[in-house]
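Please open the model in a viewer and keep the selection panel at hand. The stops below take the form of a guided tour.

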Amino acid sequence: MKILLLEPAEGLRYSNFAIPQLGLAYLAARLLEARHEVRVFHAALARDPRKELLAEVDAFQPEVVGFSAPTSKVMTAGDLAADIKQTAPHVKTIVGGWHVTALPRETLASFPAFDFGFVGEAEDYILTLLGALQNGDGLEDVPGLVWRRDGEIAANPPGKPTDLQTLPRPAWHLFPMDRFAPMYRAHGRDYPMMSGRGCPFRCSFCQRVTGAVVRTRDINDVVDELFAGTERWQADGVQFLDETFTVNAHRTNALCELLIERGVPGRLIWNCTSRVDTISREMLAVMKRAGCRVILLGMESGNQHVLEGVCKNTTLQQGLSAVRWCREIGLLTDVSFVLGLPRDNRHTVRETVAFSRRLDPDFVSYFSFVPFPGTEGGRLAEEGRENLRLLHRDWSRYQPQLSPTCELLDFSARRLVALRYRAYLRFYLRPRKFFNLLAMFRPRSMLRVFARLVGDLAGRGPRSERGKRYPNKFHFVRLR
Ligand code: B12
Ligand code: SF4
């Protein structure tokens, strides 16, 4: 069959960043392996995503269009699916990814142009669905499928997570790899990859599509991919996208030792995400020798009571030690904080900002807390507990870098935004930090960041790909 895959651009155009989407690259690889014809449309790189997508549909004539949609993009995806249905009603549309995994039935109910939804990882079961469609079989046995049956929405039981050992390499040849910016430097190219999936932790603000059980790939296979992928794409860097790269100390050490043995250091640099409680000084030293340059740490809050409230299970002291070790060893740190978490109040949000300065990493992110559907944090916000007040359910603004979707009872959304921007300015308007920032972006990307900031501060509302405001009143309910 002919299948077109895409992750839509965001309704708020100025907030789009083009990233090579690993989930789509794996899905495409699996479909190609099964001899389907696949194309990927890169909405975030398009000047006029809607027009160019419709032109692509016209030229390629796909039988199926698959959308990958985080919450902030589901409305755009729904709109685009409707547009495709208008010009090519025979095309089957599928939505997969985070939003539909959290809200399977609601997603199909809210967006009538989606024929199917997929809950969770879908490399195996998308083939089952396509097989059933081709043979005219019933859909009851397609694991994880959400579908329309006799005017009702049916949700099949989820299937097993993908077996990583059987996965083909991601189909990056369908992506314009030279058009994606590298991380933490202005020039060069990154090769994105994942050495394992799943996360055993239970941070209440996070949604984990890949489940709580960590599945890892054979480290020899990981290193083989790293060599082959960076050579094929002439990349001088690697991004490890594992939820917590260091979750298993023994394996992380073994992987790094293998990289050292096979001669990676000096040739390549890489970055990965981690937690302050899954690293040690010794492990960081081996990582550094194996080519690691930047480690991303989720600190989230500078208040212990708040950390406990979001089940982070880490301490401020662990954060201080982790960043100090990295500094001593020569690893750069990028630490993220979330403002307006459950249990936060006007004092603790300021403590968080003060703690971030005390920690003094090389890079910092201050995100707004987003009560994503399907998370414990989302439930608390819905119920107005832990000092939270949900402001709206406009999914297109469920984006941690935009103005808050939620405010604190004693600290308004406006004040949270002001605090966030002040925190960024105070952090980065210091010569060394400002230099870090300059070294990281090309001038054009810098302008985009600036445009995002101005757009957000100016409070520009969401806009659909058709240039109109979203009509669905469900999304604009102002709760209080
Ligand atoms: C790595 C990661 C990133 C990387 C992405 C890099 C990349 N090249 O893909 C970076 C750091 C760039 C990133 C950025 C952001 N991220 Co992020 N990220 C993750 C993380 C840790 C893993 C995602 C991943 O790659 N999984 C592995 C791949 C293989 O799985 P997958 O993408 O889910 O795809 C599978 C299924 O979802 C499904 N599927 C997906 N699409 C489709 C489509 C079809 C048609 C079908 C059938 C199936 C299907 O099948 C795929 C294969 O099995 C998750 C947290 C988590 N633990 O899952 C957060 C997560 C996805 N991120 C999240 C967010 C919010 C963001 C940002 C908005 C944050 C920000 N900084 O602004 C941005 C926006 C990115 C964007 N897409 O626009 C949220 C999304 C929540 C939501 N409900 O929308 C998550 C869940 C974390 C959280 N806070 O809960 N992220
Ligand atoms: S924030 Fe990180 S450590 Fe916590 S559950 Fe999500 S992926 Fe796991």
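Axes are lines fitted to C-alpha atoms, for helices over the stretch in contact, and angles run from 0 to 180 degrees between N-to-C directions.

Before moving on, note the conventions. This is a predicted model, in which local features need pLDDT of at least 70 and side-chain atom pairs count only at pLDDT 80 or more, while totals for chains, interfaces and linings use all residues. Residues are numbered from 1 along each chain as its sequence is written, and chains are lettered from A and ligands numbered from 1 in the order in which they are written.

Zoom in on β14 (residues 332–339), which is joined to β15 by six bridges. There, valine 338 has phenylalanine 367 of β15 as its bridge partner.

**The seven-stranded sheet**

Next, select the strands in the order β2-β1-β3-β4-β5-β6-β7, an open sheet with mixed pairing. Its edges are β2 (37–41) and β7 (152–155), each of which pairs on one side only. Within this sheet, β1 (residues 2–6) runs parallel to β3, with four bridges between them; isoleucine 3 has valine 64 in β3 as its bridge partner. Helix α3 (residues 74–87) packs on the sheet, touching β3 and β4, and its direction makes about 170° with that of β4. Helix α6 (residues 125–135) lies across β4, β5 (116–118) and β6 (145–149), at about 155° to β5.

**The two domains**

Colour the protein by domain: domain 1 (2–155) and domain 2 (177–457), with bounds from an automatic or database domain assignment. Their centres, taken over C-alpha atoms, are separated by 28 Å. The contact takes 20 residues from domain 1 and 21 residues from domain 2, two residues being in contact if their C-beta atoms, placed from the backbone, lie within 7 Å. On the domain 1 side, α3 and α4 each give two or more residues, and α4 has the largest share, three residues.

**The ligands**

Now centre on ligand 1. Among the 40 residues around it, Gly23, Gly66, Ser68, Pro70 and Gly96 come nearest; a residue is near a molecule if its C-beta atom, placed from the backbone, lies within 6 Å of it. α1 gives the most to this shell, with four residues. Domain 1 and domain 2 each supply at least three residues to the shell around ligand 1.

Move to ligand 2, whose surrounding residues include Cys199, Cys203, Cys206, Arg202, Arg208 and Arg275.

**Confidence**

Finally, colour by pLDDT, the predictor's confidence in each residue, from 0 to 100. The protein averages 91, and 92% of the residues score at least 70. Residues 461–480 stay under 50. Where pLDDT is low, the predicted coordinates should not be read in detail.

Notes: Pairing = 2+ DSSP bridges.
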